[in-house]
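Here is a short note for someone opening this entry for the first time. Please keep the sequence and the view side by side while reading.

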Amino acid sequence: MTVVRYERRGPVAVVTMNRPEYRNAQNSAMTYALDEAFYRAAADDEVKVIVLAGEGRHFSAGHDIGTPGRDVHVSFERKAGLWWDHVGKEGAESRFARESEVYLGMCRRWREIPKPTIAMVQGACIAGGLMLAWVCDLIVASDDAFFADPVVRMGIPGVEYFAHPWVMPPRIAKEFLFTGDRMPARRAYEVGMVNRVVPRDDLETETFALAEKIAAMPRMGLALTKKAVNQAEDLQGMHTGMDSVFGLHHLAHAHNAETSADSLAGMDPKSMKAAADGS
Ligand code: ZN
């Protein structure tokens with residue numbers, strides 16, 4: 001089974017994460033398949049807008065930290081930067097090389113796709129799932145969608161693509177991270193993190209109506225407008241801010257590796273859920 005599906009509906013390319021049995025947990029196979037799909041959509045002159053979707057009940061439960069398809073120790077042909085392969089390296093070197101490529105690097109690359117992208121989010125959008133929604137230009141959420149970054153429970157200050165204080169007000173970002181609580185779609189709309197909240201049954205119709213509307217604009221105008229707003233975010237410190245937090249993120253991984261079972265503080269999906277339920 002392919003982990004990412006690609007299809008075209010008129011001027012709209014649809015890129016669908018397809019590991020519904022694992023709530024679309026992202027392994028590296030999925031990351032590279034997403035990259036290939038985005039590249040294809042960017043290169044296709046017929047495509048004006050890209051929709052990113054998740055098959056099944058949930059958009060994405062985050063990075064794969066515990067399915068049988070977890071492929072942390074597999075080499076892929078790298079795309080996002082010039083870091084060497086993490087495989088066969090030790091400690092922080094391996095983690096930094098890997099996460100520079102598959103997490104921060106890939107997300108930055110996708111944010112710069114020169115065509116408008118829309119995340120169509122239902123159900124869970126957790127941790128690494130946030131990164132995928134946040135790199136999209138617009139987010140349409142169904143009323144059952146929720147957002148959470150619970151990685152502070154692992155002693156880590158948020159996911160690798162640290163957009164939190166730019167996609168929501170800083171004080172809300174602190175609450176979101178300090179508690180690890182689920183932010184319902186309605187609240188995400190209130191704080192300006194998502195563009196629209198629609199009934200679950202209307203999610204696809206509403207998202208594609210929006211995509212079609214945008215697709216009527218000229219390609220170059222859309223590309224330049226996207227770049228203009230992205231540049232404004234970077235002038236507000238997003239790019240350099242993320243670089244500095246990436247260092248803190250890796251300090252946390254290293255601290256965990258030194259003081260506990262592994263760089264994730266010995267946590268897996270089961271213990272994360274148990275800890276959340278117990279609080
Ligand atoms: Zn990490």
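In which sense do β5 and strand β7 pair, and over how many bridges? They pair in the parallel sense, over three bridges. Strands (E, at least two residues) and helices (H or I, at least four) are DSSP runs, numbered from the N terminus.

1. Basis. This is a predicted model, in which local features need pLDDT of at least 70, side-chain atom pairs count only at pLDDT 80 or more, and totals for chains, interfaces and linings use all residues. Residues are numbered from 1 along each chain as its sequence is written, and side-chain values use heavy atoms, leaving out hydrogens and water.

2. The sheet. Three strands form an open, mixed sheet in the order β5-β7-β8. Two strands count as paired if DSSP finds at least two bridges between them. β5 (124–126) and β8 (183–184) stand at the edges with a single partner strand each, so one side of each has no neighbour in the sheet. In β7 (residues 146–148), F147 stands opposite C125.

3. The helix across it. Helix α3 (residues 128–135) lies across β5 and β7. It runs at about 95° to β5. Axes are lines fitted to C-alpha atoms, for helices over the stretch in contact (heavy atoms within 4.5 Å). Angles are taken between N-to-C directions, from 0 to 180 degrees.

4. The zinc ion. Its protein donors are E99 (OE), E99 (OE), E160 (OE), H249 (NE2) and H253 (NE2), at 2.1 to 2.3 Å. Donors are N, O and S atoms within 2.8 Å of the metal (3.2 Å for Na, K and Ca); water is not among the atoms, so sites may look incomplete. The spacing along the chain is E-x60-E-x88-H-x3-H. E99 lies in helix α2 (residues 91–111) and H249 in helix α9 (residues 238–259), so the pair ties together parts 150 residues apart in sequence. Both E99 and H249 are buried. Buried means under 20% relative accessible area, exposed over 50%, partly exposed in between (1.4 Å probe, protein chains only).

5. T259. This residue also lies in helix α9. T259 is exposed, at 54% relative accessible area. A polar atom of its side chain lies 2.8 Å from the backbone oxygen of H255.

6. Cysteines. How many disulfides are there? The count is zero, taking a disulfide as a pair of cysteine sulfur atoms within 2.5 Å. The sulfur of C107 has its closest cysteine sulfur in C136, 9.7 Å away, too far for a bond. C107 is buried at 3%, and C136 is buried at 8%.

Terms used: Polar contact = N/O pair within 3.5 Å; in protein donor to acceptor, adjacent residues only side chain to side chain.
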